Amino acid sequence: MTENTVLQLGNPLLRQIATPVTVFNSPEFLDCLSSMQTLMESGNGVGIAAPQIGVAMQIVIVASRPTNRYPDAPEMPATILCNPQLEILDPTLIKGWEGCLSVPGIRALVPRYQAIRVRFQDREGKSQQIDLKDFPARVFQHEFDHLQGLVYLDRIESSRDIVAESEYLKLIAH
Ligand code: NI
């Protein structure tokens with residue numbers, strides 16, 4: 001079932017393990033993609049994962065772009081990644097700010113790999129590969145975690161790395 005809002009932290013559906021997409025042209029799959037896109041855009045998000053709308057399928061969208069939530073994000077075309085597999089290209093862990101449409105009002109510093117390669121299937125089911133680094137790599141790793149029932153707060157090193165969104169906006173103001 002597709003929700004018409006993004007599920008919020010505490011909803012057990014966010015903790016489900018997603019299963020692979022096997023049928024790429026079903027009404028359910030297409031409906032899920034369209035809801036993910038709509039909710040990501042209306043929430044000014046730079047990515048979203050199917051479990052966030054209550055669908056336990058391995059689908060994420062990565063769409064780094066400058067928004068009021070991430071004013072310094074680099075622009076990239078919105079990319080739909082089904083059944084993604086992650087390979088680490090640069091194991092250096094870099095801490096950077098993340099938020100989540102499922103965890104409103106706060107931000108935290110999260111360690112993520114600097115460069116990764118992702119093998120995935122596109123919306124037609126065709127095999128693809130993409131190399132990502134820095135912020136887009138961070139967004140993917142965040143969304144990939146949602147497929148395993150993880151949220152970014154599960155990855156932080158210290159509760160001191162959590163701030164209110166209002167304080168985050170002050171920190172990045174320039
Ligand atoms: Ni998220």
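This is a predicted model: local features need pLDDT of at least 70, side-chain atom pairs count only at pLDDT 80 or more; totals for chains, interfaces and linings use all residues.
**Exercise 1. Carry out the classification for Asn83, and state in which element Asn83 is placed.**

Solution. Asn83 belongs to strand 3, and its phi, near 50°, is a positive value in a residue other than glycine. With 11% relative accessibility, Asn83 falls under the 20% limit and therefore counts as buried.

**Exercise 2. Check the span of helix 1 against its residue count, and find what its buried residues pack against.**

Solution. Helix 1 covers residues 27–42, and at 1.5 Å a residue its 16 residues should span 22 Å; the end C-alpha atoms are 22 Å apart, so the two values agree. The buried residues of this helix include Phe29, Leu33 and Met36, and the buried set packs against strand 1 (47–49), strand 2 (59–62) and strand 3 (79–100).

**Exercise 3. Describe the largest nonpolar core, and identify which residues have the most contacts inside it.**

Solution. This core has 22 residues, and Leu81, Val118 and Phe140 have the most contacts inside it. Strand 2, strand 4 (103–121), helix 2 (134–147) and helix 3 (165–172) each give two or more residues, with helix 2 giving the most, namely 6. A second, separate core of 20 residues includes Phe29, Ala50, Val55 and Cys82.

Methods. Residues are numbered from 1 along each chain as its sequence is written. Side-chain values use heavy atoms; hydrogens and water are left out. Helices (H or I, at least four residues) and strands (E, at least two) are DSSP runs, numbered from the N terminus. The expected span of a helix is 1.5 Å times one less than its number of residues. Buried means under 20% relative accessible area, exposed over 50%, partly exposed in between (1.4 Å probe, protein chains only). Contact means heavy atoms within 4.5 Å. A nonpolar core is a set of buried Ala, Val, Leu, Ile, Met, Phe, Trp, Tyr and Cys residues joined through side-chain atoms within 4.5 Å.
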